[in-house]
Amino acid sequence: MKCPICESKSQVLDSRPEKKGIRRNRECKECLTRFTTHETLVIRSMDKHLIQKYHEKEEGCI
Ligand SMILES: [Zn+2]
């Protein structure tokens, strides 16, 4: 992750899980700017076998 000020590499100070993702507190090594990023998990594609398994699981519940 680049620093928004000087575009140098930033370092992760700590990360905390949130409801739908993760929050990371970062610090830039160059200008010492501290900022926070929010990462959200989004499934874009899934393996065919996994999709089949998922449906089988759903049908089993009915
Ligand atoms: Zn910086």
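S15 stands opposite R24 in strand β2. That pair belongs to a predicted model. The chain holds 1 helix and 3 strands. Read along the sequence, these elements follow the pattern β-β-β-α.

**The β1–β2 hairpin**
- Strand β1 covers residues 10–18, and strand β2 covers residues 21–28.
- The two strands pair in the antiparallel sense over 8 bridges.
- β1 and β2 form a hairpin, with 2 residues between them.
- V12 has its bridge partner in β2, and that partner is R26.

**The sheet**
- Strands of a sheet pair through backbone hydrogen bonds, either parallel or antiparallel.
- In this model, 3 strands make an open sheet in the order β1-β2-β3. The pairing is antiparallel.
- β1 and β3 (34–39) are the edge strands. Each of them pairs on one side only.
- On average, neighbouring strands of this sheet are turned by 20° against each other, direction ignored.

**Overall dimensions**
- The chain has a radius of gyration of 19 Å. A compact globule of 62 residues would have one near 11 Å.
- The C-alpha trace spans about 55 × 20 × 15 Å along its principal axes.

**Burial and contacts**
- Of the 62 residues in the chain, 6% are buried.
- Take the contacts between residues at least 6 apart in sequence: 20% of these join residues at least 24 apart.

Technical notes
Residues are numbered from 1 along each chain as its sequence is written. This is a predicted model: local features need pLDDT of at least 70, side-chain atom pairs count only at pLDDT 80 or more; totals for chains, interfaces and linings use all residues. Two strands pair if DSSP finds at least two bridges between them. Helices (H or I, at least four residues) and strands (E, at least two) are DSSP runs, numbered from the N terminus. Axes are lines fitted to C-alpha atoms, for helices over the stretch in contact, and angles run from 0 to 180 degrees between N-to-C directions. The radius of gyration is taken over C-alpha atoms; the globule rule is 2.2 Å times the number of residues to the power 0.38. A residue is buried if 20 or more other C-beta atoms lie within 10 Å of its own, exposed if 12 or fewer, and partly exposed in between; C-beta atoms are placed from the backbone. Two residues are in contact if their C-beta atoms, placed from the backbone, lie within 7 Å.
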